[in-house]
Amino acid sequence: MPDTLATHQGRWKSFLRDCGSLAAIAEPMEVSGRVTRVAGLVMEAVGLKLAVGSACTIPLAGGARIEAEVVGFDGERLFLMPQSDVDGVVPGARVFPVGVAQTLPKPGSVDHPRRRPSDRGRHLPVGDELLGRVLDAAGRPLDSLGPLVARHSAPLNVRAINPLGREPISTTMDVGVRAINSMLTVGRGQRMGLFAGSGVGKSVLLGMMARYTTADVIVVGLIGERGREVKEFIEQILGEEGLARSVVVAAPADTPPLMRLQGAAYTTAIAEHFRDQGKDVLLIMDSLTRYAMAQREIALAIGEPPATKGYPPSVFAKLPALVERAGNGKPGGGSITAFYTVLTEGDDQQDPIADSARAILDGHIVLNRVLAEAGHYPAIDIEQSISRAMHNITTPEHQQLSRRLKQLYSRYQRNRDLISVGAYSAGTDPVLDEAIARIAPIERFLQQGIHERAGINESLGELSALFGG
């Protein structure tokens, strides 16, 4: 009996050794699904269980591949949004989770090599190496300055800082524009909206702020704009001086909606990295409306019902999630002062995106088409514009001068027609009399050339001098 037991134990140990040897050389099982449907902007896949936001890749014949992201699911079906055109996808094409494969398929084969799974989320490069560079929404260089070699990377989507852990807005941020510095003073860490229709000088104003601001780093996100405007903004408006301390992320209108969303998230992630290093960042995103439109395209494509003027509810949930990531960091740390442009089609200030943005931002600057057509640049309508943090970061004397100028300017604008036809009699309204006497210097004060810088101290001095101070 003991001999028989020993024999069985020896055979069992030998069997286990053989199994261990086979397991060591065996390739792991492939984790993949299959494409079952491609309709418009969305692909459907089965055979995978992935969380919303997970990244996938679909290998194509010839060695190419399509990157996609899970944007929803229905039972066992996953809804995938591709990051590029879906040309070349065939019925039953294999879908692999990103992180399971490390190499591309061999040319002429649609089979994908086996990979080891990874729990690493979607990260893109960040850091000082990005300064002076122009990137796409995936972190790839669009300029001709060679490959990008960054030592650090950051996740695209993170939670906003605990509001109780943020440093309050208590200091001013000089943006180099006289009308903003004096009448709509912006605080370090404030988030402002720039509301404008087409052709009223929005891009020029953004370029002026980027060149003349005192911020340490400028991060620019060109989201959903025309491709022609991207190059013009970089070369003609931003210029070499502005680009040298800037990072530009471009996701033009011809890119898929997922890449436009990713471009906005990547722009914010870059700004967050510099803020965490203790730097003051000026974040410029042009435009928040195109970001909302990209989310609308995705939501409607996967079947989400439209709500307000064709915008699904998820759009109004995405906007604050993006905007709240900007602002001040922890006490003693860096800051992100953000300007988000909002397109007001037909100069409609009650557009649902404009109305939602106005509610979640710390102020808004409205550009007026009538002023632009009259040659008044920047065409800032100081009557409709407001900075909600101005009363916390300016002196009572500054606030009094600002209110006085706005009062005189507003009184004159309301009576402009009467004055033009000579129907107003001097002495009837003392405030209007003063407005008429001062309107010419007030308008000169509110205007500024594109190559003219007006620091905050200079702006306050001119405002005081305007009233004999």
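Is Phe316 buried, partly exposed or exposed, and what is its relative accessibility? Select Phe316 to begin: with a relative accessibility of 24% it counts as partly exposed, a class that lies between buried, under 20% relative accessible area, and exposed, over 50% (1.4 Å probe, protein chains only).

Before going on, note that this is a predicted model, in which local features need pLDDT of at least 70 and side-chain atom pairs count only at pLDDT 80 or more, while totals for chains, interfaces and linings use all residues. Residues are numbered from 1 along each chain as its sequence is written, and side-chain values use heavy atoms, with hydrogens and water left out.

The structure holds one aromatic pair, and Tyr311 and Phe316 form it, edge-to-face, at 6.2 Å centre to centre with 65° between the planes. Rings of Phe, Tyr and Trp (its six-membered ring) pair if their centres lie within 6.5 Å, and planes under 30 degrees apart count as stacked, over 60 as edge-to-face and the rest as tilted.

Keep Tyr311 selected and show Arg296, whose charged end sits over the Tyr311 ring, 4.3 Å from its centre; for this, CZ of Arg or NZ of Lys must be within 6 Å of the ring centre and within 35 degrees of the ring normal. Then move to Arg178, which lies over the face of Phe445, 5.9 Å from the ring centre.

Finally, select Gly468, which follows H14 and has a positive phi, near 80°; helices (H or I, at least four residues) and strands (E, at least two) are DSSP runs, numbered from the N terminus.
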